[in-house]
Amino acid sequence: MCGIAGFVGRGERADLERMTRAIAHRGPDADGHWIDEKTAVHLGHRRLSIVDLTGGGQPMWTDDGAIGVVFNGEIYNHAELREQLKARGCVFQTDHSDTEVLLHGYREWGNEFVTRLNGMWAFAIYDRAAGRLPLSRARSGQ
């Protein structure tokens, strides 16, 4: 299982790196950090590669860089959601990443997209244009 970390406000990259080091046991395969100095949003991720072994690095961003996500868990119905999103014109960069489905789902359906998810998850989505940072966890308490 992966691990996510982050905060909004005063702090430095070293703080975020300490947070992700503390959860390294949850994701030994890779780590990622992203900081928006202007808005003081700090997002970190530890990765355990399961679904998208080569293309699932995080934080993951839409191709235009407008929306980013750090994600822990698995979306069981991601293939079905991917097909629905493709039918609505979404273009995916990966061929099977459940993480990327979160990005397009949020962009297409807004916060209500979580009602379409079947799985176990915890994630933070950063919407630069709207200046929003919605958080979600599965109803089962991921």
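**Exercise 1.** What percentage of the 142 residues in the protein do buried residues make up?

Solution. Keep in mind that this is a predicted model. A residue counts as buried when its relative accessible area is under 20%. By that cut-off, buried residues make up 47% of the 142.

**Exercise 2.** Work out how the chain is built and whether its radius of gyration fits a compact globule.

Solution. Start with the parts list: three helices and seven strands. Going along the sequence, they come in the pattern β-α-β-β-β-β-α-α-β-β. Next, take the radius of gyration: a compact globule with 142 residues would have one near 14 Å, and the protein's 14 Å agrees with that. The C-alpha trace spans about 40 × 30 × 30 Å along its principal axes.

**Exercise 3.** Find threonine 62 and decide: is it buried or exposed?

Solution. First, locate it: threonine 62 sits in the loop between β4 (60–61) and β5 (67–75). Then check its relative accessibility, which is 6%, so threonine 62 counts as buried. Now look at what surrounds it. Setting aside neighbours within four places in sequence, threonine 62 is in contact with Ile67, Leu103 and Arg107. Finally, a polar atom of the threonine 62 side chain lies 3.3 Å from the backbone nitrogen of alanine 66.

**Exercise 4.** Which element has the highest mean pLDDT, and which the lowest?

Solution. Helix α2 (residues 78–87) has the highest, at 97, and strand β2 (residues 30–36) the lowest, at 89. For the protein, the mean is 90.

How values were computed: Residues are numbered from 1 along each chain as its sequence is written. This is a predicted model: local features need pLDDT of at least 70, side-chain atom pairs count only at pLDDT 80 or more; totals for chains, interfaces and linings use all residues. Side-chain values use heavy atoms; hydrogens and water are left out. pLDDT is the predictor's confidence in each residue, from 0 to 100. Helices (H or I, at least four residues) and strands (E, at least two) are DSSP runs, numbered from the N terminus. Buried means under 20% relative accessible area, exposed over 50%, partly exposed in between (1.4 Å probe, protein chains only). Contact means heavy atoms within 4.5 Å. A polar contact is a pair of N or O atoms within 3.5 Å; within protein, one must be able to donate a hydrogen and the other to accept it, and residues adjacent in sequence count only if both atoms are side-chain atoms. The radius of gyration is taken over C-alpha atoms; the globule rule is 2.2 Å times the number of residues to the power 0.38.
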